[in-house]
Amino acid sequence: MKKIILCLVYAISAMMFAGDFIPAYQDAEKLFERRKFAEAATAGEKLVAEAPDAAAADRCHSLAARAYGCARKYDEGMAVAGKISAGPLKSYTVMTVMSECGKHKELAEAFKEENIESWPERLAYQGFYMRGSNSMRLPGDKSGAIRDLEKAAAGAGSDFRVKVTSLNNLSSCWMLSKNEDKALETANKALAITQMRANAPWIDAALRKADILIQRKQLDEAEKTLELLGREWNDTNPWHFMARERWGDLELARGNRAKAANYYQQAVKMKTHASYIQRVSEKLKKIQ
């Protein structure tokens, strides 16, 4: 009887301990979601000591490691990720740290044989997304990246951020592979996800679609696509720079050199990447 009572006491204590742990972990996750990465990393590491079991401790380590990665603290992130038990969560966490810190080549090499299909669904589509998005940045054949990104988009479900970014990256891969039809088809799929309208990958997909249509002389359709982006521009947003550039391209394709020059002039006055300015400056010189 005494043993039974002791077991019950231990069980109740464990449940109470876990009950305290869950809201604390959720608070740490909220810090991560609000991009307070330094605080999230600290909270995650502190929670390890309070975790009710090894699986919960792994989740804390994963949260802390990913927060370090998002804060561009590669060494710290990898060190914490190394404490996670072997398995999909560890691989996913290491991938995240590498991806956030721009280790494209290292990620592609380390995980080229990873069986992401065997991961839990909630992690698998993100694994495909990271491997595909990082490997596409490397020179050479894009077929592997295309396969991964197709799986990421298919598995993302209601994670619209990953879905539209996967589709946009996939569209880019098709362009790099000289397949404009597939690039246009995939850009249209990205643009159909209106929940992500005005987000960077959605805008990029619209700009790519407009560029393809301009090259194909489908100018009215290109204009409709550019109108989706609106005209509330400022002088620091790089997407607004590219919108002005694309409007200039459209007007030039229509033979309206003065209108094209006006858009290009607006663009080159902006504060953005030097390579962007140089590209449009060269376009401007050719028509002046």
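## Helix α7

Helix α7 (residues 121-135) has 15 residues, and at 1.5 Å a residue they should span 21 Å; the end C-alpha atoms are 21 Å apart, which agrees. The expected span is taken as 1.5 Å times one less than the number of residues. Helices (H or I, at least four residues) and strands (E, at least two) are DSSP runs, numbered from the N terminus.

Of the 15 residues of α7, 13 are buried, so the helix is largely enclosed by the rest of the structure. Buried means under 20% relative accessible area, exposed means over 50%, and partly exposed lies in between, with a 1.4 Å probe and protein chains only.

## Model and confidence

This is a predicted model in which local features need pLDDT of at least 70 and side-chain atom pairs count only at pLDDT 80 or more, while totals for chains, interfaces and linings use all residues. Residues are numbered from 1 along each chain as its sequence is written, and side-chain values use heavy atoms, with hydrogens and water left out.

The chain has a mean pLDDT (the predictor's confidence in each residue, from 0 to 100) of 92, and 93% of its residues reach 70 or more. Over residues 1-17, pLDDT stays under 50. For that segment the model has four contacts (heavy atoms within 4.5 Å) beyond four places in sequence.

The structure holds 19 salt bridges. The term stands for a side-chain nitrogen of Lys or Arg within 4 Å of a carboxyl oxygen of Asp or Glu. Side chains of opposite charge can pair when their charged atoms come close.

In helix α10 (residues 180-191), K182 and E185 lie three residues apart, about one turn of the helix. They form a salt bridge whose closest N and O atoms are 3.8 Å apart. E185 also meets K189 in a salt bridge, at 3.6 Å from N to O; K189 and E185 are four residues apart in α10 and so are separated by about one helical turn.

D235 is partly exposed, at 46% relative accessibility, whereas R244 is buried, with a relative accessible area of 7%. Elsewhere, salt bridges that share partners join E245, R246, D249, R279 and K283 into one network.
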